[in-house]
Amino acid sequence: MGEDDGREWRERQQRAVRAHADAEARRRAAEQAQAAELVAWFVAEATRRGLPATRLVARGYDGRGRYRTRLTGWYVDRAGTRAVDTAGRFHLLTVPGGLRARLFGVDPQPSPAPLVVGAGGRDGESIPLRTLLTRLLDGIDEPGSTTRAAAPEA
């Protein structure tokens with residue numbers, strides 16, 4: 001009887017783990033879909049307002065090198081490590097460096113946008129993506145700017 005009880009317990013545990021993993025995957029997919037809608041809204045609004053897009057530059061993992069990309073868009077953070085391109089894709093602009101990257105440039109691949117930028121980071125600083133994008137649209141991060149607007153509704 002002890003062997004059957006152990007087997008049943010393991011099966012229940014495995015089912016519970018699978019259910020938890022499935023729920024987490026659904027939550028993550030819903031967050032990514034919401035963030036993608038927010039990024040698409042931002043691109044449409046930036047285009048409508050005439051916010052100038054710039055040629056994006058990636059940085060090396062060590063923070064020292066700067067590498068050309070073929071991307072055009074808007075930096076989301078002051079550090080220039082996150083951006084949205086004109087096609088509505090979110091990019092992390094940190095890449096492995098090297099001579100080849102310096103000579104030929106880099107091609108950072110899009111990644112799912114987070115709803116909260118910096119969540120889980122060691123420095124403890126995080127900010128909602130909506131806030132970053134709204135600040136960018138309203139020019140708050142530009143020197144000398146004082147305009148503020150309410151965040152868009154979800």
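**Group meeting: the sheet, the core and an aromatic pair**

There is one aromatic pair in this structure, where rings of Phe, Tyr and Trp (its six-membered ring) pair if their centres lie within 6.5 Å, and planes under 30 degrees apart count as stacked, over 60 as edge-to-face and the rest as tilted. The partners are Phe42 and Trp74, edge-to-face, with 5.4 Å centre to centre and 90 degrees between the planes. Phe42 belongs to helix 1 (residues 2-49) and Trp74 to strand 2, so the pair ties together parts that are 32 residues apart in sequence. Helices (H or I, at least four residues) and strands (E, at least two) are DSSP runs, numbered from the N terminus.

Before I go on, this is a predicted model: local features need pLDDT of at least 70, side-chain atom pairs count only at pLDDT 80 or more, and totals for chains, interfaces and linings use all residues. Residues are numbered from 1 along each chain as its sequence is written, and side-chain values use heavy atoms, with hydrogens and water left out.

Are the two partners, Phe42 and Trp74, buried or exposed? Phe42 is buried at a relative accessible area of 0%, and Trp74 is buried at 5%. Buried means under 20% relative accessible area, exposed over 50%, and partly exposed in between, with a 1.4 Å probe and protein chains only.

Now the core. A nonpolar core is a set of buried Ala, Val, Leu, Ile, Met, Phe, Trp, Tyr and Cys residues joined through side-chain atoms within 4.5 Å. The largest one has 18 residues, and those touching the most other members are Phe42, Leu51, Trp74, Val84, Leu129 and Leu133. Helix 1 and helix 3 (129-138) are the elements that give two or more residues to this core. Helix 1 supplies the largest share, six residues.

Helix 3 has seven of its ten residues buried, so it is largely enclosed by the rest of the structure. Its buried residues include Leu129, Leu133 and Asp138. Just after helix 3, Gly139 takes a positive phi of about 75 degrees.

Next, the sheet. Strands of a sheet pair through backbone hydrogen bonds, either parallel or antiparallel.

Which strand runs parallel to strand 1 (residues 54-60)? That is strand 5, joined to strand 1 by two bridges, with Arg59 opposite Thr94. Strand 1 and strand 2 (residues 66-75) run antiparallel with five bridges, and Thr54 stands opposite Gly73. Their hairpin has five residues between the strands, and Gly63 there takes a positive phi near 85 degrees.

Strand 2 and strand 3 (residues 82-85) are also antiparallel, with three bridges. Here Trp74, the aromatic partner of Phe42, has Val84 as its bridge partner. In this hairpin, with six residues between the strands, Gly80 takes a positive phi near 75 degrees.

Phe104 lies in helix 2 (residues 99-104) and counts as exposed, at 60% relative accessibility. That is the contrast with Phe42, which is buried at 0%.

Methods. Two strands pair if DSSP finds at least two bridges between them.
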